Every structure is written in structure tokens, then in C-alpha cells.
Amino acid sequence: MDTLLSKHCLCVELDPDFYYLMQSYAQRSKFLTIRASRGQNAVELVRQQKPDVILLEADPQLNAATWDVLHTLKADALAKSIPVIIFSWLAVEEQALSEGAEAFVQKPVMYMDFMDALALVGVSNPLPDTPVERR
């Protein structure tokens, strides 16, 4: 696949199991994933990689870090234009949207939840995949 024509997801602060799930959903839809490990500067990766969408996870262990990362991204001139989707078991949809995220997805996340969130933020599927059933 030509990486110049591909769409990119930047996954920031995702626990390893959830990252694996998001990576598999992204690959299924022909997105390339970029992973920012904990402590890595997400803004610097945004500047280098110019992703189409940023995925963040808010869970009990990372909740404060999630909002810090979101605030840092939304304060940067380049990064603030890239849509951010927050995923969480926590009931933080209102907070996620008020803090600057463009979309929120309640866990558990099925493939169509992932695709619906991408569509909601205006990121289209680069190459259509096979139809899937909705839950």
C-alpha cells in the first residue's frame, strides 16, 4: 500500500491490549497506526507524522494524563486541527467534548463504533473493507 495515500491514526496513551484492538481495527480499514508510548511527546509526533486522527484512552489509571495530553494537543497550532477521539469505560463523554475532543466512544468498542467515530470526525475510510454487521 502506498503510504502517501494512506490515512494515519496516532494512538496516544492506550494500554497495550486496547492499542492492539485499535491497531487491528485501523489495519482492517487500511489505516496505518502510529503509537506514542507513555511519556512520549504527542505534539512532536503530530508534527513529524501529520496523522489524520488521534485516539486517546481515558481510563482510571490514565485519566489525568489523558486530559493533559488533550490540552497539550489542542494548544498546539498544528495539532489542534486534527480530530481527537476519546475512548473510555468511564462516563466522561461530556467532559471529553467540553475539553476539546471531537468525539467520544464508550467501551467496549466494536469495529463499527470505531468506524462511526471516524466518520463523525470527518475521517473517511481510505479503502473500503468488507461489510460488517452492527451490534
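The legends below describe close-up views of a predicted model.

Residues are numbered from 1 along each chain as its sequence is written, and side-chain values use heavy atoms, with hydrogens and water left out. Because the model is predicted, local features need pLDDT of at least 70 and side-chain atom pairs count only at pLDDT 80 or more, while totals for chains, interfaces and linings use all residues.

**View 1. The largest nonpolar core has 24 residues.** A nonpolar core is a set of buried Ala, Val, Leu, Ile, Met, Phe, Trp, Tyr and Cys residues joined through side-chain atoms within 4.5 Å. Buried means under 20% relative accessible area, exposed over 50% and partly exposed in between, with a 1.4 Å probe and protein chains only. The residues with the most contacts inside this core are M22, L55, I85, F87 and F114. At least two core residues come from each of β1 (7-12), α1 (16-28), β3 (53-58), β4 (84-88), β5 (103-106) and α5 (111-120). Helices (H or I, at least four residues) and strands (E, at least two) are DSSP runs, numbered from the N terminus. Helix α5 supplies the largest share of this core, six residues.

**View 2. L55 and its contacts.** Leaving aside residues up to four places away in sequence, L55 touches C9, L10, C11, V12, L14, M22, I85, F87 and F114. Contact means heavy atoms within 4.5 Å.

**View 3. Strands β1 and β2 pair in the parallel sense.** The pairing of β1 with β2 (residues 31-36) runs over six bridges; two strands pair if DSSP finds at least two bridges between them. H8 stands opposite L32 in β2.

**View 4. Y25, Y111 and F114 form one aromatic cluster.** Rings of Phe, Tyr and Trp (its six-membered ring) pair if their centres lie within 6.5 Å; planes under 30 degrees apart count as stacked, over 60 as edge-to-face and the rest as tilted. Y25 and Y111 form an edge-to-face pair, 5.6 Å centre to centre with 75° between the planes. Y25 lies in helix α1 and Y111 in helix α5, so this pair ties together parts that are 86 residues apart in sequence. Y25 and F114 form a tilted pair, at 5.9 Å and 50°. Y25 and Y111 are buried, and F114 is buried as well.

**View 5. Charged ends sit over the rings of Y19 and F18.** The charged end of R35 is 4.4 Å from the ring centre of Y19. For K107 over F18, the distance to the ring centre is 4.1 Å. A charge sits over a ring if NZ of Lys or CZ of Arg is within 6 Å of the ring centre and within 35 degrees of the ring normal.
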